[in-house]
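Dear colleague,

Please find the structure below, with the sequence.

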Amino acid sequence: MSAKGRSWRLPVFAIALMFFYGFWLGGIQITLANIAAHYGVDSTGTGLFVSVQYVSAALAPMCAGVIADRIGKKPLLVAFALVFGAGCVLAGCSAGLWIYLAGMFLIGAGYSACEALVSSVLKDYAPERGMQYINLSQCQIGRAHV
């Protein structure tokens, strides 16, 4: 089926998802000092916030690749978007440092796996327009050259 006959929902979901991840990443950079002050940690503790997020960000795409071969890329994309959302809720509602760190771990896993999966899902979804969708999801305006 051509891209014209397909639903527009998946590309819009993927593009919006990547936009909100970028929005979140910018926001966390601005508020990191305030978060550290809230939990009473010094600069070493602030580094811990970032480290927890990036440890899971390094591991999740590898796990996602193995799982995607078994259950499919689209369901896994949705699952990791929910992981990201759960991490945001957990971190946002946390009363203690360890719960916040658990939320950051989920956030890192969610956004990194989704970022890895989005390009693959978009290319599989519409091979003839996939590069255009990928460019939009990465905020690269212009014509895709293959």
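**Packing of α1 against α4**

From α1, the residues L10, P11, A14, L17, M18, Y21, W24, L25, I28, I35 and Y39 meet L97, Y100, M104, I107, G110, Y111, C114, E115, V118, V121, L122 and Y125 of α4. By class, the residues of this contact are 21 nonpolar, one polar and one charged. Please keep in mind that the model is predicted.

The angle between α1 and α4 is about 155°, and their axes lie 10 Å apart. An angle over 145 degrees counts as roughly antiparallel, so α1 and α4 are roughly antiparallel to each other. The crossing of α1 past α4 is left-handed.

**Packing of α4 against α5**

α4 also packs on α5, at an angle of about 150° and with the axes 8 Å apart. This pair, α4 and α5, is therefore roughly antiparallel as well. Here the crossing is right-handed. On the α4 side the contact is made by V118, S119, L122, K123 and Y125, and on the α5 side by G130, M131, Y133, I134 and S137. These residues divide into six nonpolar, three polar and one charged.

Helix α5 covers residues 130-137, and its buried residues are G130, Y133, I134, N135 and S137. Among the elements that cover them are α1 (9-39) and α4 (97-125).

**The salt bridge**

How many salt bridges does the structure hold? There is one. The partners are K73 and D124, with the closest N and O atoms 2.6 Å apart. K73 belongs to helix α3 (residues 73-93) and D124 to helix α4, so the pair links distant parts of the chain, 51 residues apart. Side chains of opposite charge can pair when their charged atoms come close.

Are the two partners buried or partly exposed? K73 has 29% relative accessibility and therefore counts as partly exposed. D124, at 46% relative accessibility, is also classed as partly exposed.

**T46**

T46 sits in helix α2, which spans residues 43-71. Its relative accessible area is 18%, and the cut-off for buried is under 20%, so T46 is buried. Neighbours within four places in sequence aside, T46 is in contact with L32, A36 and V41.

Regards

Notes: Residues numbered from 1 in each chain as written. Predicted model: local features only at pLDDT ≥ 70, side-chain atom pairs only at ≥ 80, totals over all residues. Heavy atoms only, no water. Buried < 20%, exposed > 50% of the residue type's maximum accessible area, 1.4 Å probe, protein only. Helix = DSSP H or I, 4+ residues; strand = E, 2+ residues; numbered from the N terminus. Contact = heavy atoms within 4.5 Å. Salt bridge = Lys/Arg side-chain N within 4 Å of Asp/Glu carboxyl O. Axes fitted to C-alpha atoms, helices over the stretch in contact; angles between N-to-C directions. Parallel < 35°, antiparallel > 145°, perpendicular 65-115°, else oblique. Left-handed = near helix turned anticlockwise from the far one by under 90°. Nonpolar A, V, L, I, M, F, W, Y, C, P; charged D, E, K, R; others polar.
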